[in-house]
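Reader: I have not seen this structure before. Please take me through a few of its features.

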Amino acid sequence: MKNGIRKRKAALSTLASLPLYLFTLVFVLGPLILMIALSFSTRDGWDYTSVFTLENYAEVFSGMYLKTFAESLELALISTILVVLIGYPFGLAAAMLPKKMSRFIYTMQVIPYWVNSLLRLYGWIIIFRANGLLDKLLMAVGLTSEPLKLLYTYPAVVVGMVYVLLPFMFTSVYQVAEKLDPTLIEASRDLGAGKIKAFLTVTLPLTRPGLATGIVLTFIPSMGLFFIASILGGNKVVLVGSLIEELLMKSHNKPGAAALASVLMLLTAAVCALLLRKPKHER
C-alpha cells in the first residue's frame, strides 16, 4: 500500500516537472545545441551550408580574436574587482543595519535599476562629455583648468561596467549577509578575535556563497556587454560581444559568430565552475 502511494507521488511529481523539463529543452538546450552545430558549418556568402569545418574555430584562435579575448578578459577582471571592492562592503553593511533601515536602503538601491540600462548610460554621457557636469565640477573646485576628454575612453567604459553590474554584487551579498547570525561574530569577539580576524574567520566564510555568486553574475556579463563599450567607449574599446555583433549584423558570418560565442560560453563556464567550487572543508 505504502509503495503504491509512493509510486503515485513520484509519478505526479514527474508529471508536474514535465513543463519545466520541456521549457529547458526547447529554450535552453535547444539554442545551445543549434549554436554549437552552427559553429561547425561552412559559410556560403551571406548564408551557410551544413558542410563540417573547423575553420571557424581556427579563425577564433587567430591573433586578432585572441587579442580581443585578452582585452575583454582584462576589462572583465578590472570591473569585477571594482564591483567587489564597492558592492561587498556595501551589501554587508546594509544587511547589518536595523531591519527597517536595511530594507529601505535595499529598496532605494534597486529602484534606479528599474529604468532601462541604455537610458541610464546616456545619462553618463552628459556627465562625461566635454564641459559636462563632471568637467564643470572639477573646474569649479580648481582641480582642472580646462575640460577633460573623459567620454569615449577606457575609464569611462569601466565606470559604465561597474555602474550596471554593481546591483548584482550588492543583491547577492545582501541576501546572504541578511541571514548571518550576529551572535557568531559576537562569540568570536568574546573569544579574543579582533575585528579583522573575526571578519576573516567568521563573516567572510559565511558570506562567501553570496560573494562567489556576485562575482559570477558580474564577470560573465562584463565579457559581452558590448553596448556599454559602444556608448561610452565609441570604437576605441572592442569586446568579444562587439565582435559577435559585427559578425552577425555586418559580415553576416553566422558560423563565425557561433564559434566565437561557443568559445566565450566555454570560457565563462570554466570561470563559473572555478568560482562556485566549494572548498575542501565544505565538501
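**Confidence and contacts**

Author: This is a predicted model. Among the elements of the protein chain, mean pLDDT is lowest for α8, at 77, and highest for α7, at 91.

Reader: What pLDDT does the protein chain average?

Author: Of the residues, 94% score at least 70. The average pLDDT of the protein chain is 84.

Reader: Is α3 parallel or oblique to α4?

Author: Helix α3 covers residues 63–95 and helix α4 residues 99–110, and their axes lie 8 Å apart. The packing angle is about 140°. Roughly antiparallel would need an angle over 145 degrees, and the range for roughly perpendicular ends at 115, so the angle falls in the remaining class. Helix α3 is therefore oblique to α4.

Reader: How many charged residues does the contact of α3 with α4 have?

Author: F90, A94 and A95 of α3 meet S102, I105 and Q109 of α4. By class, four residues in this contact are nonpolar and two are polar. The number of charged residues is none.

Reader: Which residue forms a salt bridge with R103?

Author: The count of salt bridges comes to one. Its closest N and O atoms are 2.9 Å apart, and the cut-off is 4 Å. The pair links distant parts of the chain, 75 residues apart, with R103 in helix α4 and its partner in the loop between α7 and α8. That partner is E178.

Reader: Is R103 buried or partly exposed?

Author: Buried means under 20% relative accessible area, and exposed means over 50%. E178, at 29%, lies between these limits and counts as partly exposed. R103 has a relative accessible area of 40%, so R103 is partly exposed.

Conventions: Residues numbered from 1 in each chain as written. Predicted model: local features only at pLDDT ≥ 70, side-chain atom pairs only at ≥ 80, totals over all residues. Heavy atoms only, no water. Axes fitted to C-alpha atoms, helices over the stretch in contact; angles between N-to-C directions. Helix = DSSP H or I, 4+ residues; strand = E, 2+ residues; numbered from the N terminus. Parallel < 35°, antiparallel > 145°, perpendicular 65-115°, else oblique. Contact = heavy atoms within 4.5 Å. Nonpolar A, V, L, I, M, F, W, Y, C, P; charged D, E, K, R; others polar. Salt bridge = Lys/Arg side-chain N within 4 Å of Asp/Glu carboxyl O. Buried < 20%, exposed > 50% of the residue type's maximum accessible area, 1.4 Å probe, protein only. pLDDT = per-residue confidence, 0-100.
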